[in-house]
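Me: I have a structure open here and would like to go through it with you, one piece at a time. Could you start with the helix placement of a residue and go on from there?

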Amino acid sequence: AEVEQRHARRPTSRHLAPQGPAMLMADYNPKGGSAVADRRFFARGGELLFLMLNRSRVREQLDELVRARLLSDDNQWCQLVMRLMPPSGGSRDISVAVGYLPLISHPRYDLIAQDWLALLSLPHLPADYLLEPLVRLSALGIVLYLSERASETIGRNVPPMPVDMISAGNSALRKLSIEHYHQHRQLTRDAISHLITAVTRTLEWKKALVSDNPKPAAREVLVEHFLCRKLLKQGQDPSQQVNAVLQQAIKNHNTHLGLVGGQYSQEIGLAIARKGAGRWYTLSDSLLEALVLANVREPLEYTEFLKLLHKRYQLVVGPATAESVFRDLPAPREQFKTNQERLEERLRVLGLLRRLSDDC
């Protein structure tokens, strides 16, 4: 665990990489001498990621690999932590609710789990090195899950992620990537608005409006759907009640869920920000390595790898993929071609690609 003295974040919220049973710890509030688990989210304990992996089709295979590769108590770091722990009886047991994940199954659960399975199945990859690609691909999967669930809720197609690997210039491709980045950021906000306003189209809401007392009747409908009794004031019109719920939900979104996609994207090397230019999608060297480790088991032709990146992760790099995704190319074909060549060069420098001839 790394604790920064000048950081405002409490020490119990710092990241602790689990490399054994003794290193699993929930985020908790240490104030007052008690251990209260007051937060539940993706980043710290991974509760929702845990549920996703358990609902995937490869959970039995994953169970064996996770125990063997990540949670073995003979790991040197786990043994070190066991020596640092207080004597028996001095530790605190924290009761943690695992969390809520509404869907029993989802294609993204399986894709995240397949990445885990692929990485954990590499016998010559040391356990210490496993954590970084696991973190990057897990966060990428969560970013995609949020976009996919929001799109499903609204009834739209999931926007692709145009990747800009061209380092200089305010190109049309970069503008396209910035535009799609903002589309993804807006999706969850639109999904929340859609869910709340959808109540006004239900039969029970319509019955409430024509009842003898429409204001309390409408209030009860909203409370039943959203558990929002404290938000609604007596005497509010039904439309005012809906607006009150919507405004509070958007306020919560802007300070919590609305920040997840952007924060995760930048932390894992999926997005980059430049002052005055905005934020757009790109691929860092570490994320590229993780994508190759999880998806390539034998020599694979480069254009096939690009197709795979789009199929599994919505990433658009070259002209062929762009033409299959967009009805009309939103940026010059030459820029997509240069983009593809830049990514090829990055892979070559990393030792992940070898050009055999001009045709391959």
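Me: Where does leucine 84 sit?
Reply: This is a predicted model, and in it leucine 84 belongs to helix H3, which covers residues 76-84.

Me: Is leucine 84 buried or exposed?
Reply: Leucine 84 counts as exposed, because its relative accessibility is 68% and the cut-off for that label is over 50%.

Me: And which residues form a nonpolar patch with Leu84?
Reply: Trp77 and Leu80 form the surface patch with Leu84, and together the three have about 330 Å² of accessible area.

Me: Changing topic, how many aromatic pairs turn up in the whole structure?
Reply: A search of the whole structure gives two aromatic pairs. In one of them, the ring centres of tyrosine 109 and tyrosine 145 are 5.9 Å apart with the planes at 35 degrees, so this pair is tilted.

Me: Which helices do tyrosine 109 and tyrosine 145 come from?
Reply: Tyrosine 109 lies in helix H4 (residues 107-120) and tyrosine 145 in helix H5 (residues 127-154), so the pair ties together parts that are 36 residues apart in sequence. Tyrosine 109 counts as buried at 0% relative accessibility, and tyrosine 145 counts as buried at 7%.

Me: What about the pair of tyrosine 181 and tyrosine 281?
Reply: Tyrosine 181 and tyrosine 281 form an edge-to-face pair, with 5.5 Å from centre to centre and 65 degrees between the planes. This pair links distant parts of the chain, 100 residues apart, with tyrosine 181 in helix H6 (residues 172-198) and tyrosine 281 in strand E3 (residues 278-281).

Me: Are those two tyrosines buried or exposed?
Reply: Tyrosine 181 and tyrosine 281 are both buried.

Me: Now the inside: how many cavities of 30 Å³ or more are there?
Reply: The structure holds one cavity of 30 Å³ or more, and the volume of the largest cavity is about 140 Å³.

Me: Which residues are closest to its centre?
Reply: The largest cavity is lined by 13 residues, of which Ser147, His184, Arg185, Gly261 and Gly262 are the closest to its centre.

Me: And which elements give two or more residues to that lining?
Reply: Those elements are H5, H6 and helix H10 (257-268), with H10 giving the largest share of the lining, five residues.

Technical notes
Residues numbered from 1 in each chain as written. Predicted model: local features only at pLDDT ≥ 70, side-chain atom pairs only at ≥ 80, totals over all residues. Heavy atoms only, no water. Phe/Tyr/Trp six-rings, centres within 6.5 Å; stacked < 30°, edge-to-face > 60°. Helix = DSSP H or I, 4+ residues; strand = E, 2+ residues; numbered from the N terminus. Buried < 20%, exposed > 50% of the residue type's maximum accessible area, 1.4 Å probe, protein only. Patch = residues over 30% accessible without salt bridge, like charges linked within 9 Å, V, L, I, M, F, W, Y side chains within 5 Å. Areas by Shrake-Rupley, 256 points an atom, 1.4 Å probe, with all protein chains shown as cover. Salt bridge = Lys/Arg side-chain N within 4 Å of Asp/Glu carboxyl O. 1 Å grid on protein atoms, 1.4 Å probe; cavity = no way out; pocket = protein on both sides within 12 Å on 5 of 7 lines; lining within 4 Å. Points joined across faces, edges and corners; volume = space filled by probe spheres on them.
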